[in-house]
Amino acid sequence: MSRAEDLRWLDAAAALAARGRPLSRPNPAVGAVIVKHGLMVGRGWTQAGGRPHAEAEALAMAGEAANGATLYVTLEPCAHASARGPSCTSLVLGSGLARVVIGVEDLDPRTAGSGIAALREAGIATDVLPAPAARESLAGYLTRSAQGRPHVTLKLATSLDGKIALVDGSSQWITGPEARAHCHVERARADAILVGGSTLRADTPRLDVRLPGLEHRRPQRMVLTRGTAPEGWTAVADIASAGAFGDAQFLFVEGGAQAAAAFIAADMVDRLLIYRAPIIIGAGLPCIGDIGLGSLADAHGRWRNVDRRTLGSDALDVYERVR
């Protein structure tokens, strides 16, 4: 197949991977597609709790049709033995697949290229084709593997003049129902949600997912505080400390201004969601506190706009950190 076709199937695998997030935790959410004569004959994604893996699901669906076919998988097949089941590399070796196309090489030292090497040694044509969609789908796993922390999304819901509340703290609601529903989708995709201590005390947020069919998604609730956390919450005193967020791969930071400033100042925000309502508040609470910026020159070139859309009467801009 052409490179364009290979990327198209890897994109399809990445879309499937989204179905496993965040239920696959602590394993990464991987997507896999098996293609033969231009048609999909098998597909899969990492199941809840991390097993079965995506490749196992896709091979089970394909059955004998896997013989001579191509496997497209977002992450290099695991190559290490596990008490929970055979490695995906061993499954591929016994499947009759003719080719494997991989979006991202695994950073796990137990695999880290050894799966690719084993496939090639067995005579299976194996290509690593860097695919942005595959890497994006694995952002949490890759960030944790490389930096020891989750991939962080910071959400800001503001007025046109950058305020998140009136002077007295009133903030319900700045944005409309469409924007709030979109935010709940983002919550459903996160392992954990964090707010600042002031936000917890002022708003007593539930931080649950209130969308039909997704109510069972309950990300771990965290609060940035040096004190104790209420029952059902986890206290985080130092966001830069090792293990501050447990094994979470995707962290969603919802507020308030000081929590947002802490993550930006520590350069721990990987993605920004800015929801803007068509209102002007004037005197009110700013969306971000002091981040210690020394000059305007230091502020430029740090963020790239990757999405822009309208949600009801509100606007959403999505930015990624340029690293």
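Strands β12 (271-276) and β15 (314-321) pair in the antiparallel sense over 6 bridges, two strands being counted as paired if DSSP finds at least two bridges between them. Helices (H or I, at least four residues) and strands (E, at least two) are DSSP runs, numbered from the N terminus. The model is predicted, so that local features need pLDDT of at least 70 and side-chain atom pairs count only at pLDDT 80 or more, whereas totals for chains, interfaces and linings use all residues. Residues are numbered from 1 along each chain as its sequence is written, and side-chain values use heavy atoms, with hydrogens and water left out.

Within the pairing of β12 and β15, Ile274 stands opposite Asp317 in β15. Strand β15 also pairs with β14 (303-311), in the antiparallel sense and over 8 bridges; here Ala315 of β15 is the bridge partner of Thr310. The hairpin of β14 and β15 has 2 residues between the strands, and Gly312 takes a positive phi near 65 degrees in this hairpin. Strand β15 is mostly covered, with 6 of its 8 residues buried. Buried denotes under 20% relative accessible area, exposed over 50%, and partly exposed the range in between (1.4 Å probe, protein chains only).

A further set of 5 strands forms an open sheet of mixed pairing, in the order β2-β1-β3-β4-β5. Its edge strands, β2 (39-45) and β5 (125-128), each pair on one side only. The twist averages 15 degrees from one strand to the next; axes are lines fitted to C-alpha atoms, for helices over the stretch in contact, and angles run from 0 to 180 degrees between N-to-C directions. In this sheet, β1 (residues 31-36) and β3 (residues 70-75) pair in the antiparallel sense over 4 bridges, and Leu71 in β3 is the bridge partner of Ile34. Helix α4 (residues 114-121) lies across β4 (99-104) and β5, running at about 150 degrees to β5.

Helix α9 (residues 257-265) contributes the buried residues Ala257, Ala259, Ala260, Ala261, Phe263 and Ile264. These buried residues pack against β6 (151-158), β7 (163-166), β8 (192-196), β9 (220-224), β11 (250-255) and β13, contact being defined as heavy atoms within 4.5 Å. After α9 comes Asp267, which has a positive phi near 55 degrees. In helix α7 (residues 177-188), His184 is buried, with a relative accessible area of 8%. Not counting residues up to four places away in sequence, His184 touches Asp208, Val209, Arg210 and Leu211.

The structure holds 19 salt bridges, each a side-chain nitrogen of Lys or Arg within 4 Å of a carboxyl oxygen of Asp or Glu. One of them joins Asp108 and Arg110, with the closest N and O atoms 2.8 Å apart. Asp108 is buried at a relative accessible area of 14%, whereas Arg110 is exposed at 52%.

Asp270 forms a salt bridge with Arg149, the closest N and O atoms being 2.9 Å apart. This pair links distant parts of the chain, 121 residues apart: Asp270 lies in the loop between α9 and β12, and Arg149 in the loop between α6 (139-147) and β6. Asp270 is buried, with 9% relative accessibility, and Arg149 is buried, with 8%. A salt bridge is also formed by Arg302 and Asp267, whose closest N and O atoms are 3.9 Å apart. Because Arg302 lies in the loop between β13 and β14 and Asp267 in the loop between α9 and β12, the pair ties together parts that are 35 residues apart in sequence. Arg302 is partly exposed, with a relative accessible area of 28%, and Asp267 is partly exposed at 29% relative accessibility. Salt bridges that share partners join Arg149, Asp267, Asp270, Arg302, Arg321 and Arg323 into one network.

A nonpolar surface patch of about 290 Å² is made by Ile291, Leu293 and Leu296. Patches are made of residues with over 30% relative accessible area and no salt bridge, like charges being joined within 9 Å and nonpolar side chains (Val, Leu, Ile, Met, Phe, Trp, Tyr) within 5 Å. Accessible areas come from the Shrake-Rupley method with a 1.4 Å probe, and for residues only the protein chains shown count as cover. Leu293 lies in the loop between β13 (284-286) and β14 and is partly exposed, with a relative accessible area of 43%.
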